[in-house]
Amino acid sequence: MVLSAADKALVSALWRKLNNNISVYVTEALERTFLAFPSTKTYFLHLDLRPGSAQVKAHSQKVAEALTLAVDHMDDLPHALSALSDLHAHKLRVNPVNFKFLSHCLMVTLARYYPGDFSPTLHASLDKFLSDLILALASSYP
């Protein structure tokens with residue numbers, strides 16, 4: 001999908017609004033993902049996945065940083081995320097469908113915390129952005 005200038009502006013504005021709380025929302029989204037899609041736990045058997053665990057929070061910080069990197073490089077997601085794509089495809093061997101699950105749970109979480117901002121237009125723009133992000137992350141898969 002091609003992100004329009006309006007899409008990019010909406011996603012960037014939302015990200016600025018999230019500010020330093022991005023990892024808080026990503027933590028909740030990951031916890032939702034593990035609860036709603038239990039198969040996603042397969043990749044984290046070595047971690048304490050209970051809600052509020054330090055290990056989930058630490059992984060959430062990494063995901064939040066990757067999302068912020070993506071927001072900052074919306075015009076070239078494949079290049080910006082190439083190292084993460086290689087890591088997830090070749091070393092971690094994460095099924096890319098899990099990125100869609102997390103994306104869905106992130107949108108639910110953000111809509112919960114920002115109901116006044118989460119218009120249908122923002123929803124569509126964020127969905128396009130996350131879809132592009134998922135395509136970039138899946139680009140290294142065979």
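The following legends describe an overall view and several close-up views of a predicted model.

**Figure 1. Overall view of the protein.** Residue numbers start from 1 along each chain as its sequence is written. Because the model is predicted, local features need pLDDT of at least 70 and side-chain atom pairs count only at pLDDT 80 or more, while totals for chains, interfaces and linings use all residues; side-chain values use heavy atoms, with hydrogens and water left out. The secondary structure comprises seven helices and zero strands, where helices (H or I, at least four residues) and strands (E, at least two) are DSSP runs numbered from the N terminus. The order of elements from the N terminus is α-α-α-α-α-α-α. The C-alpha trace spans about 40 × 35 × 25 Å along its principal axes. The radius of gyration is 14 Å, which agrees with the value near 14 Å for a compact globule of 142 residues; it is taken over C-alpha atoms, and the globule rule is 2.2 Å times the number of residues to the power 0.38. Of the 142 residues, 40% count as buried, a term that denotes under 20% relative accessible area, with exposed over 50% and partly exposed in between (1.4 Å probe, protein chains only). Among contacts (heavy atoms within 4.5 Å) between residues at least 6 apart in sequence, 76% join residues at least 24 apart.

**Figure 2. Packing of helix α1 against helix α3.** Two packed helices are described by the angle between their axes and the distance between the axes. Axes are lines fitted to C-alpha atoms, for helices over the stretch in contact, and angles run from 0 to 180 degrees between N-to-C directions. The axes of α1 (residues 5-18) and α3 (residues 54-72) come within 10 Å and cross at roughly 140°. This makes α1 oblique to α3; angles under 35 degrees count as roughly parallel, over 145 as roughly antiparallel, 65 to 115 as roughly perpendicular and the rest as oblique. The crossing is left-handed, meaning that the near helix is turned anticlockwise from the far one by less than a right angle, whereas clockwise would be right-handed. V11, S12 and W15 of α1 meet L67, T68 and V71 of α3. This contact has four nonpolar, two polar and no charged residues, with Ala, Val, Leu, Ile, Met, Phe, Trp, Tyr, Cys and Pro counted as nonpolar, Asp, Glu, Lys and Arg as charged, and the others, Gly among them, as polar.

**Figure 3. Packing of helix α2 against helix α3.** The axes of α2 (residues 22-36) and α3 come within 8 Å and cross at roughly 115°, so the two helices are roughly perpendicular to each other. Their crossing is right-handed. Residues in the contact include V26, L30 and F34 of α2 and V63, A64 and L67 of α3. By class, eight nonpolar, six polar and two charged residues take part.

**Figure 4. Packing of helix α1 against helix α7.** The axes of α1 and α7 (residues 120-137) come within 9 Å and cross at roughly 95°; the helices are therefore roughly perpendicular to each other. D7, L10, V11 and L14 of α1 form the contact with T121, L122, S125, L126, K128 and F129 of α7.

**Figure 5. Surroundings of Y25.** Y25 lies in helix α2 and is buried, with a relative accessible area of 8%. Not counting residues up to four places away in sequence, Y25 touches L18, L106, T109, L110, Y113 and Y114. The C-alpha atoms of Y25 and T109 are separated by 6.5 Å, although these residues are 84 residues apart along the chain.
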